[in-house]
Amino acid sequence: MERPVPELPSPPPSEAREIFAIPQFRWLTASNAAFFLAMGSQGVVRPYLAYHFTKDTFLLGVVTFAVALPMLLLGPFGGYAADRFDRRLIILTAQAVALLGELVTFGLLWTDRLQFWHLVATASVMGCVFPFLMPARQSVVANLVGRRLLGRSIAITTTLINLTRVVGPALPGFLIEQLGVKWAYLLGVLLYVVAFACGLRLDAAPPPAQAQRAGVVERVMEGVRYVRGDRVIFMLLIFGLVPMFLVMPFQTLLVVFAEDIWHEGPRGLSQLSVAMGLGGIVGSIVVARWTHTSGRARWMLASMLAFGALLIGFSYSPWFLAAIPLIFLANAFASWFGTLNNTAIQLLIPDAMRGRVSSFLMMSFSLPMVGSLVIGGAAKALGAPLAVSMFAALAMVAAVAFYYGSEALRGLDARMERDAAR
C-alpha cells in the first residue's frame with residue numbers, strides 16, 4: 001500500500017548557521033558563486049554570438065556539444081583525480097585553464113577577430129576542465145562539513161547555483177543591449193578571475209585516507225564496478241540522466257524562442273534565463289527544507305511529469321509574457337527533481353567513492369549538452385516549438401517507465417533508512 005505523502009517540515013535553522021560558520025565553506029561558496037555567475041553570464045553571451053554568426057539552430061547545438069563531448073570522455077578520470085589527489089589543487093588548476101581560455105576568446109572578440117570555430121574551441125576547453133572541477137568541488141564539501149551536514153550542504157549549494165542562474169544571465173542581456181556584446185563577455189571573464197582568487201583561500205583538501213595508489217584505469221573501473229554493483233545507485237543515476245538528456249537541451253534554444261518566436265531580442269533572452277533561474281531556486285529551496293522526508297522517488301517522478309507538461313505549454317505559448325511563468329514553474333520542478341536525485345546519491349555513497357561517483361553525476365551536465373545537438377537538428381527540421389514539446393513528452397514517458405520498471409528505485413526510502421541506521 002502506498003504511504004501517504006508527508007507534509008514538508010521546516011529545516012533546523014541551526015544546521016545552516018553551523019555550516020556557514022565554517023570559514024572554508026564560505027570561501028568555497030564564494031568561489032562557486034563567482035564561477036557559476038560567470039557560467040550563467042557566458043551561457044547567454046556565447047549562444048547569442050553563435051546564433052548571430054550562423055542563424056542556424058543545428059550549429060548552435062554544435063557549440064554546446066563541443067562542451068559535452070570532452071565532459072563525457074574525461075568524466076571518469078576527473079572522478080579518479082578527486083579521489084586520488086588534493087582537491088584544492090584540482091579546483092585551482094581547472095579554474096586557471098578555464099580562465100585562460102576565456103581570456104583568449106575575449107581578446108579575439110575585442111579585436112574583432114572572433115569566428116564561429118573559436119567559440120567551438122573555447123567551449124571544448126571548458127568541456128575538458130569541467131569533468132575535473134565539478135567532482136573535486138562536490139567532494140571537497142564532504143571534507144569541510146562532514147557526513148552529518150552533507151545533505152543540507154548539498155541543498156544549500158544547489159540553491160546558490162540556481163541563484164547565480166538568476167543573476168548571471170540578467171546582466172549580460174542588459175549589457176548587450178546598452179554597451180554591446182564585448183562588455184558582456186568581459187563581465188564573465190572578470191567573474192572567473194574572482195572565482196580563482198577565492199579558491200586560493202582554500203586549505204589543502206587531501207583525498208580520503210584509504211585512497212590507494214592504484215593505476216588510473218584500475219581506479220576508474222573500481223568506480224564503474226561499484227555503480228554497477230549497487231542497484232539503487234545505478235538506477236538513481238540512470239533515472240536522473242535519461243530524462244535530462246531528453247528535455248534539458250531545450251535551454252540551448254532559448255535564444256531561438258526569444259529572437260524568432262516572440263521577437264524580444266537580448267532582453268527577452270535574459271528575462272527567460274532569469275525566470276528559469278528563479279524557478280530553480282524555488283525547487284532547490286523546497287529540497288533544502290525537506291532533505292529527510294520519505295517518498296523521494298515518487299516526488300522525483302511527479303516533478304519530472306510536471307516539468308514536461310509545463311515545458312510543452314511553454315513551447316506553444318502564443319505570448320511572451322505567458323511563457324515567463326511557465327518556464328519559471330517548469331524549472332522549479334526540474335530543480336526539485338535534480339536536487340532530490342543528487343542528494344540521495346551523495347548520502348548513499350561512501351567517501352572513498354565520492355569523487356568517482358560524482359564524475360558519473362557530471363553526466364547530468366554533459367548529457368543535456370549532447371542532446372542539444374539532437375534537439376538543434378530537430379528544431380531545424382521541425383521548428384523549435386515542436387522539437388521541444390516532442391522531447392518533453394519523451395522524457396515524461398521515460399520517467400514513468402523507469403519508476404514503475406525498477407523495484408530498486410521504488411525501494412529507495414527503505415535503503416536510505418537502512419544506511420542511516422548503520
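# A guided tour of a predicted helical model

Begin by selecting aspartate 112, which lies in the loop between helix 4 (87–110) and helix 5; helices (H or I, at least four residues) and strands (E, at least two) are DSSP runs, numbered from the N terminus. This is a predicted model in which local features need pLDDT of at least 70 and side-chain atom pairs count only at pLDDT 80 or more, while totals for chains, interfaces and linings use all residues. Residues are numbered from 1 along each chain as its sequence is written, and side-chain values use heavy atoms, with hydrogens and water left out.

Aspartate 112 is not a glycine, yet its phi is positive, at about 60°. With a relative accessibility of 62%, aspartate 112 counts as exposed; the term exposed means over 50% relative accessible area, buried means under 20%, and partly exposed lies in between (1.4 Å probe, protein chains only).

**The whole chain**

Of the 422 residues in the chain, 58% are buried. Contact means heavy atoms within 4.5 Å. Among contacts between residues at least 6 apart in sequence, 87% join residues at least 24 apart.

Two packed helices are described by the angle between their axes and the distance between the axes. Axes are lines fitted to C-alpha atoms, for helices over the stretch in contact, and angles run from 0 to 180 degrees between N-to-C directions.

Select residues 57–84, helix 3, together with residues 116–145, helix 5. Their axes come within 7 Å and cross at roughly 30°. Helix 3 and helix 5 are therefore roughly parallel to each other; angles under 35 degrees count as roughly parallel, over 145 as roughly antiparallel, 65 to 115 as roughly perpendicular and the rest as oblique. The crossing of helix 3 and helix 5 is right-handed. A crossing is right-handed if the near helix is turned clockwise from the far one by less than a right angle, and left-handed if anticlockwise. The residues of this contact divide into 21 nonpolar, six polar and no charged. Here Ala, Val, Leu, Ile, Met, Phe, Trp, Tyr, Cys and Pro count as nonpolar, Asp, Glu, Lys and Arg as charged, and the others, Gly among them, as polar.

**Along helix 2**

Move to glutamine 42, found in helix 2. Glutamine 42 is buried, with a relative accessible area of 1%. Leaving out residues up to four places away in sequence, glutamine 42 touches Pro47, Glu102, Ala184, Tyr185, Gly188, Val189 and Tyr192.

Valine 44 also lies in helix 2, and at 3% relative accessibility valine 44 counts as buried. Draw a C-alpha to C-alpha distance from valine 44 to tyrosine 185: the two are 141 residues apart in sequence and 9.5 Å apart in space.

**Helix 2 against helix 10**

To see the contact, show Tyr48, Tyr51 and His52 of helix 2 with Val255, Val256, Glu259 and Asp260 of helix 10. By class, these residues are four nonpolar, one polar and two charged.

Six of the eight residues of helix 10 are buried, so this helix is largely enclosed by the rest of the structure. The buried residues of helix 10 are Leu254, Val255, Val256, Phe257, Ala258 and Glu259.

Step onward to histidine 263, in the loop between helix 10 and helix 11 (265–288). Histidine 263 is a residue other than glycine with a positive phi, near 55°, and is exposed, with a relative accessible area of 62%.

Finally, select Leu236, Phe250, Phe307, Leu311 and Phe314, which touch the most other members among the 114 residues of the largest nonpolar core. A nonpolar core is a set of buried Ala, Val, Leu, Ile, Met, Phe, Trp, Tyr and Cys residues joined through side-chain atoms within 4.5 Å. Helix 2 gives the most to this core, with 13 residues.

Centre the view on phenylalanine 314. Apart from neighbours within four places in sequence, phenylalanine 314 is in contact with Leu254, Phe257, Trp262, Leu272, Ala323, Leu326 and Ile327.

End with helix 12 (residues 296–315) and helix 13 (residues 320–348), which pack at an angle of about 155° with their axes 8 Å apart. Helix 12 and helix 13 are therefore roughly antiparallel to each other, and helix 12 passes helix 13 in a left-handed crossing. The residues of their contact divide into 20 nonpolar, five polar and one charged.
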